[in-house]
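Here's a quick walk through a structure, going from a single residue out to the contact between two chains. Have a look at it first, then read on.

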Amino acid sequence: MSQFTQQVILGLLLGGIYVAVALGFSLVWGILNIVNLAHGALVIVGSYITWDLFTRWHIDPFLSLPIDALVLFVIGYALQRGVINRVIRAPLLFTFLLTFGINLIIVSLLLLIFTPDFRSVTPSYSGNGLHLGSVTIPYIRFGGLVVAFLLAGAMWTILNRTRIGAAILAVGADRDAAQLVGIDLRHMYALTFGIGAAFAGVAGGIISTFQSITPTAGDPYTLQAFAVVILGGLGRVSATVLGGLTFGLIEILGQSGPGPGYANAIAFVVLVIVLVVRPRGLLGRLA
Amino acid sequence: MRREKLGILLALTAVVVTACGGASGGGTPTTGAAIVFGAAVSLTGAQSKEGGLTKQGYDLWLDWINQRGGIVVNGVKHPVQIKYEDDQSTPNLSATLVQKLITDEKAQFILGPYGSAATATDAIVAEKNGVPMVEANGAAQSIFSKGYKFTFGVLSPANKYLTGVLDMAATLSPKPTTIAMLTANDNFSVEVAKAVEDYAPTKGFQVIFTKQYPAAAPEVSGLISQAARLNPDIVMNSGHLAESIAINKGAKQLGLNAKIFAYSVGPSTPDFIKALGPDANYVFDGSQWTPQVKYKPSFYLSVSEYVKAYKTKYSTTDDPDYHVAESTAACLAFQKAIENAGSLDATKVRDALAGLDVMTFFGQIKFDSRGINTFKPMVVEQIQNGTHYTVFPADVANGKPQYPTPPWSSR
Amino acid sequence: MIAREERVPRSLRRFALPIGIALLAFVILVPLTSTDAAQQAGLPLLADKLWFRIATTVAMFVVMASAWNIIGGLTGYASFGNVAFFGIGAYTVGVLVSSRGWPFPLALIVAPVTATVFALIVGIPLLRLRGHYFAVATLGIGVAVGEVVNNLAPLGASTGLFLPIVRSDLLFFYLMLGAAALAVCSTWLILRTRFGYGLLAIRENEEAAKIIGVNTNLYKVAAFCIAAALTGLAGGIFAQWNSFINQENVFAISDNVQMILMAVVGGAGTVLGPVAGAISLELIIQTLAGGGSKAVYSQIGLGVLLAVCVIFIPRGVIDFFGGQSRLSLRYLRQTLRETSA
């Protein structure tokens, strides 16, 4: 039984990472209707910033998270304002292609700047864990989960308790109406994408603490963010949290099955089944 | 300003000296047309790290051979060129690029790419074109059981990667008995693991846990926690660098204490020690080559000269890892075969490769009937206090295995 | 979709048609110069092995992009799982030829059949989903099938399957070219039938289509199956041509992205758009792929090119060169105005 408990805990901890990764992706998709294929690359930019600060000035990875957020916000704002805004009203596939191109550029630039070497952030406490009987909770991953919940809370607060959030939601609900009441659309688009990128950066900072970083390490995270958002449902912070935790659980519990090689297959088959049974995701709005 | 002038002066002197040197050696070989080698390696994409190491290995030999004026064929020195194409870590693209190298770039010989899938694809193109290919980075044996006549591999096949660790473990006391085996589900890694599972019982070991995980998805904490409950004496991973780092981190976090941690690929690279710091200590790996081996080469550089040449060329303090060395060895096999054949004819060089038997800094290069080098042993190395030591077999070792690995809590 | 209907302006018809026919004749005849008879007759060799490799690859992507266009461009269902059909076709031929010892032509006939059956099974539930949801569900199928294949011992698991080498560049080129012609003709035919109008109606407004009497479910599944059959055929040819298949090279999600890129850059929803996209993009990729140590810059170049294409010529290459205000600054400004914030 404790074996099972351990697996569930690990699944939830992994799910926390997915929540952190998917929050920004979900915001950008829900409000701007952009499936951002460069999301994983932005995550890894955050990882590299944390790595750089850690190796250069020994800044604790968790302390560098606000810096990740700030830098990524600026990058995201500029990207949307300067480039993606130009095709924001084109059909879905075009923004999709554009972000594919942006992903290629970011990954190549990372390769140029940081070389393909495997980078890793290893603070002194990285290997330690809390032992509760026969169950172990690694500190780093627990920290990641806490940050993920803080991020989810921050996202919820921004969207539901601030003027900016109200404006963002208004843009998501009806662009033309939002413009009529005097909201500067270009600015709001850029702001939304910037916030999404900032959350991606923080997720990247967490990821750097338990996984080795290479320029292409972000690609799987785009796919996972995609899956998490669909699983939970678009348009709600709580849905993303549920989707992320579920996806993490499926992946880890899949590993204890007969063929862990099937873990990815199982995760995606569950995803497809959820979609067919509940096309709007587990908690998605039915509108 | 003055320094610059001095530099130019020095360069000029050097040119004059070499020119004189070349002239004074009259009567020796005249210079022939350049020999063109082609290589499609991954310089971008997921395998750009390993692709880069492969290219380093090829370039090291290229500098050396051209300093000597080239490969000697029937008394004529032919300088060497290597044309590179980037396959972006995509096997399908690799096939087109090899064809491009052969057709457009007029490559007479092909040096292999990185990875077993790309190697299989390229081997078929080489075979269709009748162009010899020597590969150094695809250890999966499946490629060599298809009767292809033009592909040779200088490295020991996948099934030898971790069996050396078992041989070593059998000599230790108290003798470890149980093994937990984690395997990435790619071609190469599965072959490595299969060999361990077959070989372990013959040496008195028992494989008590064996599971595969999806390659390139370094999320293995679930598997590690399962393995930890069984308290295995030996934890083995057959995968790649990213996974070996993840497994080592996970083992510490989840309290998986084994007497031996041994990983197929990863610990031999400097990145492994940089990423893990002191936690990298005690880890064993099966290696194609280490900078400490004691082979007596019949040509090219000695092991220590090779290490020095590497550090100079790439301005680094890191030792070359085995990916670099095996890539250089592929070039050496070609060089010797071309010299032996006394010809640049593809079929003659192929035949010379098939009959090759030569000792290099990398070890013996000799191909069995399938075209793979089963004659070179693998070595076992261990990271001790942040440094690599070769610990097995004893005749090439420069250190003793530190055993057993202390539990994480008392490190 | 912006590229709404097939528009072949007069100017295009006047010049491009003869040029197109000439090019097609060139592509069909050039390979013949490589035959022994032609070489003995002293004809210049116009198609070497590299020409064949690239031309066959281009034709393969023409099939994939055109097939994707039928479900993605005409019907408006952006499938991210078409690569699964390619892989299933490839593995059908792979298993039948390498394990069962079937002759290749016979196995090749089965490839589109298995792909179609699979499309039928997954299509019926999945095609009820719309937009992003359909996209992600098909992506899930693509990933899952690849992973399962990678774990199944009878399919060679992670080792993959090796097929006997067939040394005929001509054979595979003409096979792939035939498949490409089949794909293009199918699209052309579909657009001239009730079926085609039904698909376009579904793309524009599925509810309305239903009201005017289109059996939307049947039409969508049929379009999905046709796309699957064509893609599976290409996969089957690829398996024997490449002689080695594994999860990595026939279930690559990047190939799926590539076929969408080609269809969209060329002009989704048109007959020749995917062809133009596949040819231009694949040739660009092949050209940029070289470059040795400068490789990373060519990747950046490709990214910039994509961005520029999407921003400035969102209707696709076909429209850009064939449209009325082609190559003018006004065209660029107009498209920008239509799509930007």
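## A residue in a strand of chain B

Met236(B) sits in strand β10 of chain B, which covers residues 234-238. Keep in mind that this is a predicted model.

Is Met236(B) buried or exposed? It's buried: 30 other C-beta atoms lie within 10 Å, and the cut-off for calling a residue buried is 20 or more, so Met236(B) qualifies. If you set aside neighbours within four places in sequence, Met236(B) touches Leu162(B), Ile179(B), Met181(B), Val196(B) and Ala262(B). There's also Asp285(B), which is 49 residues away from Met236(B) in sequence but 9.2 Å away in space, going from C-alpha to C-alpha.

## The two domains of chain B

Where they meet, domain 1 of chain B puts in 17 residues and domain 2 of chain B puts in 15.

Which elements give two or more residues to the domain 1 side of that contact in chain B? They are α4 (116-129) and α11 (322-341) of chain B. Sorted by class, the domain 1 side in chain B has eight nonpolar, four polar and five charged residues.

## A helix pair in chain A

Over in chain A, helix α10 (residues 237-255) packs against helix α11 (residues 263-277) at an angle of about 140°, and their axes are 8 Å apart. That angle is why α10(A) counts as oblique to α11(A). The crossing of α10(A) and α11(A) is right-handed.

Who's touching whom here? From α10(A) come Phe247(A), Ile250(A), Glu251(A), Gly254(A) and Gln255(A), and they meet Ala263(A), Ile266(A), Ala267(A) and Val270(A) of α11(A). By class, the contact of α10(A) with α11(A) comes to six nonpolar, two polar and one charged residues.

## Where chain C meets chain B

Last stop: the contact between chains. Chain C brings 31 residues to it and chain B brings 30. On the chain C side, the elements giving two or more residues are α3 (49-74), α6 (131-151), α11 (247-250), α13 (273-289) and α14 (295-312) of chain C.

Which of these gives the most to the side of chain C that touches chain B? That's α3(C), with five residues. By class, this side of chain C has nine nonpolar, 16 polar and six charged residues.

Conventions
Residues are numbered from 1 along each chain as its sequence is written. Chains are lettered from A and ligands numbered from 1 in the order in which they are written. This is a predicted model: local features need pLDDT of at least 70, side-chain atom pairs count only at pLDDT 80 or more; totals for chains, interfaces and linings use all residues. Two residues are in contact if their C-beta atoms, placed from the backbone, lie within 7 Å. Helices (H or I, at least four residues) and strands (E, at least two) are DSSP runs, numbered from the N terminus. Ala, Val, Leu, Ile, Met, Phe, Trp, Tyr, Cys and Pro count as nonpolar, Asp, Glu, Lys and Arg as charged, and the others, Gly among them, as polar. Axes are lines fitted to C-alpha atoms, for helices over the stretch in contact, and angles run from 0 to 180 degrees between N-to-C directions. Angles under 35 degrees count as roughly parallel, over 145 as roughly antiparallel, 65 to 115 as roughly perpendicular and the rest as oblique. A crossing is left-handed if the near helix is turned anticlockwise from the far one by less than a right angle, and right-handed if clockwise. A residue is buried if 20 or more other C-beta atoms lie within 10 Å of its own, exposed if 12 or fewer, and partly exposed in between; C-beta atoms are placed from the backbone.
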